[in-house]
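Let us take a friendly walk through a protein model together. Have the sequence and the 3D view ready as you read.

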Amino acid sequence: MTFLDIRFIDLIDITLVAYLMYRLYKLIRGTVAQNIFFGLFAFIAFWLFIKFLNMELSTAIIDNIVNVGVIALIVVFQQEIRRFFLLLGTKYNIANRFSFEKIFSTPSTGVMNIYNKPIVRTCQNLAKTKTGALIVISKKSELLDYVQTGELVNAVISSRLLENIFFKNSPLHDGAVIVAQNKIKAAGCILPVSQSFDLPKKLGLRHRAALGVTEATDASAIVVSEETGKISYFHAGEINHGVTPDELEKLLAQEY
Ligand SMILES: Nc1ncnc2c1ncn2[C@@H]1O[C@H](COP(=O)(O)OP(=O)(O)OP(=O)(O)O)[C@@H](O)[C@H]1O
C-alpha cells in the first residue's frame, strides 16, 4: 500500500513541520491569535478530511477559499509574522555570526556581567522608594529601533545615573532605559506593548511594554513597580514577578 510507504525524508519533513508549528504556537500562546490559530487548524483538518472522502463539490469550494486564504492569513497574522521573522533574524543572525567584530572582539552587544551588580543595586534602591522603572538589557540585537524613540545617553553604567534617570521629576523618567554595549544607551524609549492575556490584569502598561520587548527580541527587561515596589524580570516573553535582588542577580547571570 503506497499510503504507508514512508521514506526517511518524510520523517524529516514531518519533524520540521511539527517543530515549526510548535514555534508558531509558542509565539502566539496567550494572544488573540491563538484562537485564530486553533480555528485555522480545525478548518485545515476539515478540508483534508473532505478531500480524503473525495467530496468534490465541497472540496472545490474550500479549495477556492484556501487559494485566497494565504493573503487573508498574512493580513490576520501580520504582527505575529513580523515578530517571527524579527526573532529568527535576531536569534540566528548569520551576518553577526561570521562578522569580523565577533571573531576578534566582543561576543555580545549586551552587558558584561560586571554591570549586573549596579543594575541590581539600582532596582533594589528604586524598589525601596517605590520609584517606577523599566530597564531593557540588550543581548545580540542592539535594539536600535527602540533606542531611536528615546534620548541618546551613551554613558557608563552606574547605579547613581540610573537612579537619577528614574527620579520622578527627571525629564527622562518616563519610558524605558536601554542598556547595550556596556553603556546606558538611551532613556525615555517607547517599547512595543504585549497583547498577551497571560499577564495578570493588575499589571499595567510598564509591565506590558517589558513583556512586549522580550517577546519581540532576545533582550531581557526589568520593571520596578511604582505601585507596589515589586521587581519583575522578563525574558523571552516570560515574567518572573516579585523577585528579590538576589534572585534578580541570579537571573541576570544566566543571560549575561
Ligand atoms: N510602551 C511603553 N514603552 C515604555 N514605557 C512605557 C510604555 N507604556 C508605558 N510606559 C511607562 O509606564 C508608565 C505607566 O505605567 P503603568 O502605571 O501603566 O504601568 P504598571 O505596569 O501598572 O506599572 P506600576 O506598577 O509602576 O504602576 C508610563 O509612565 C511610562 O513611563
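## Before we start

This is a predicted model, in which local features need pLDDT of at least 70 and side-chain atom pairs count only at pLDDT 80 or more, while totals for chains, interfaces and linings use all residues. Residues are numbered from 1 along each chain as its sequence is written, and side-chain values use heavy atoms, with hydrogens and water left out.

## Around the ligand

Which residues come nearest to the ligand? Of the 17 residues around the ligand, they are Asp-174, Gly-175, His-207, Ser-225 and Glu-226; a residue counts as near if one of its heavy atoms lies within 4 Å. The shell divides into 9 nonpolar, 4 polar and 4 charged residues. Here Ala, Val, Leu, Ile, Met, Phe, Trp, Tyr, Cys and Pro count as nonpolar, Asp, Glu, Lys and Arg as charged, and the others, Gly among them, as polar. Helix 10 (residues 205-216) gives the largest share of the shell, 4 residues; helices are DSSP runs of H or I with at least four residues, strands are E runs of at least two, and both are numbered from the N terminus.

Now look at some atom pairs. A polar side-chain atom of Asp-174 lies 2.7 Å from an oxygen atom of the ligand, and a backbone N or O atom of Glu-226 lies 2.6 Å from a ligand oxygen atom.

## Salt bridges

Side chains of opposite charge can pair when their charged atoms come close. The structure holds 5 salt bridges, each a side-chain nitrogen of Lys or Arg within 4 Å of a carboxyl oxygen of Asp or Glu. Glu-226 takes part in one of them, with Arg-206, where the closest N and O atoms are 3.1 Å apart. Arg-206 lies in helix 10 and Glu-226 in the loop between strand 5 (220-224) and strand 6 (231-235), so this pair ties together parts 20 residues apart in sequence.

Lys-117 forms another salt bridge, with Glu-249, at 2.8 Å between the closest N and O atoms. Because Lys-117 lies in helix 7 (residues 116-128) and Glu-249 in helix 11 (residues 245-255), the pair ties together parts that are 132 residues apart in sequence.

## An exposed residue

Is Leu-152 buried or exposed? Leu-152 sits in strand 2 (residues 151-156) and counts as exposed, because its relative accessibility is 60%. Buried means under 20% relative accessible area, exposed over 50%, and partly exposed in between (1.4 Å probe, protein chains only). Leu-152 and Phe-8 are 54 Å apart in space, C-alpha to C-alpha.

Definitions and conventions:
A polar contact is a pair of N or O atoms within 3.5 Å; within protein, one must be able to donate a hydrogen and the other to accept it, and residues adjacent in sequence count only if both atoms are side-chain atoms.
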